[in-house]
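The exercises below are to be worked with the sequence and the 3D structure at hand. Each task is followed by a solution in steps.

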Amino acid sequence: MSAQQESKGSIQVIERMMSLLDALSENSEPATLKVLAQRTGLHPSTAHRILGVMCHTRLVRRHGNGAYTLGMRLLELGSIVKSRIEIGAIARPFMQALHKEIGEVINLAIRDRDEVVYVERTSGGQSLVRVVYLVGSRAPLHLTSLGKLFLAADTPEEVHAYAERTGLPGKTFYSLTHLEALENDLDKVRSTGIAYDVEEAEIGLRCIATPIFDSEGEIAAGLSISAPTDRQRYDWELELKRTADAISYAIGYRPRTPA
């Protein structure tokens, strides 16, 4: 089979998968293989084979009676997309105002398991810093100031488990690749509410981050400032915290008052 034929076959499979998802979305009740084959125009054996793969990836759920419904993985993916769109749109004007004030790169990221995902970024003007992580890109939690915010919210057991899963890979001489060093750094984050990346992702670049909280008081995202090492100023902490607090309030967070 030629590369062109293989590519055409892959596209055809994706199109058939989408037709099955569309057919399932049109029905609130579980649909049988026969019904799905009729609605999509697929041969039952073809539909069955593709549905099997989709069940394995949790895009589709197969019930005991042999009928199918949309799977939980779609809900998980939808929730991630919704949260990225909503918080990015809400945070954008606050980020632009902060960028205008200090002239450096402002980043917004959320957590997706063992990584942070950059969902919004504001730059331009005098912020002549090379972009390390573009919008949509990912980074290990322990290598960025944004990621450390989420790790600091974890229990010690969860931090240990993260270290075991990932092996704490490094990118520069300053990367925290040992659990004890990471734990010490996270203790500082917990006590101050501020996290730093001191050339841990790239030499010559430093970042400072603080959390954004949702209506439940949980960390919904992290807000950071990235700048070359010789331009970073520690008095940015106050402005960064003020901006993050404003975004938190905008998405429904209200500090709990003592009883």
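Helices (H or I, at least four residues) and strands (E, at least two) are DSSP runs, numbered from the N terminus. The model is predicted, so local features need pLDDT of at least 70 and side-chain atom pairs count only at pLDDT 80 or more, while totals for chains, interfaces and linings use all residues. Residues are numbered from 1 along each chain as its sequence is written, and side-chain values use heavy atoms, with hydrogens and water left out.

**Exercise 1. Positive phi**

Task: Locate Glu199 and Leu168, give the phi of each, and state whether each is buried or exposed.

Solution. 
Step 1. Most residues other than glycine have a negative phi.
Step 2. Glu199 is not a glycine, yet its phi is positive, about 60 degrees. Glu199 sits in the loop between strand S6 (195-198) and strand S7 (205-213).
Step 3. Buried means under 20% relative accessible area, exposed over 50%, and partly exposed in between (1.4 Å probe, protein chains only). Glu199 has a relative accessible area of 12%, so Glu199 is buried.
Step 4. Leu168, also not a glycine, has a positive phi of about 50 degrees. Leu168 belongs to the loop between H6 and H7, and at 4% relative accessibility Leu168 counts as buried.

**Exercise 2. Salt bridges**

Task: Count the salt bridges, then describe the pairs Arg231 with Glu104, Arg165 with Asp114 and Arg138 with Glu115.

Solution. 
Step 1. A salt bridge is a side-chain nitrogen of Lys or Arg within 4 Å of a carboxyl oxygen of Asp or Glu. The count by this rule is twelve.
Step 2. Arg231 and Glu104 form a salt bridge with an N to O distance of 2.7 Å. The two residues are 127 residues apart: Arg231 is in the loop between strand S8 (219-228) and helix H8 (236-250), and Glu104 is in the loop between helix H4 (72-102) and strand S3 (105-112). Arg231 is partly exposed at 30% relative accessibility, whereas Glu104 is buried at 3%.
Step 3. In the bridge between Arg165 and Asp114, the closest N and O atoms are 2.6 Å apart. Arg165 lies in helix H6 and Asp114 in the loop between S3 and strand S4 (115-122), so this pair ties together parts that are 51 residues apart in sequence. Arg165 is exposed, because its relative accessible area is 52%.
Step 4. For Arg138 and Glu115 the closest N and O atoms are 3.1 Å apart. Arg138 is in strand S5 (residues 138-140) and Glu115 in strand S4, 23 residues apart. Arg138 is partly exposed at 35% relative accessible area, and Glu115 is partly exposed at 29%.
Step 5. Arg138 and Glu115 also belong to a network of salt bridges with Asp112 and Arg113.

**Exercise 3. The largest pocket**

Task: What is the volume of the largest pocket, and which residues line the largest pocket?

Solution. 
Step 1. On a 1 Å grid over the protein atoms alone, a cavity is a set of points where a 1.4 Å probe fits but cannot get out, whereas a pocket is an open set with protein on both sides within 12 Å along at least five of seven lines; lining residues have an atom within 4 Å of a point.
Step 2. The volume of the largest pocket is about 150 Å³, where grid points are joined across faces, edges and corners and a volume is the space filled by probe spheres set on the points.
Step 3. The lining consists of Lys148, Asp185, Lys188, Val189, Thr192, Ile194, Ala195, Tyr196, Val198, Glu200 and Glu237.
Step 4. H7 and S6 each supply at least two lining residues. H7 gives the largest share, four residues.

**Exercise 4. Cysteines**

Task: How many disulfides does the structure hold, and are Cys55 and Cys207 buried or partly exposed?

Solution. 
Step 1. A disulfide is a pair of cysteine sulfur atoms within 2.5 Å. The structure holds zero disulfides.
Step 2. Cys55 has a relative accessible area of 22% and is partly exposed, while Cys207, at 9%, is buried.

**Exercise 5. A contact across the chain**

Solution.
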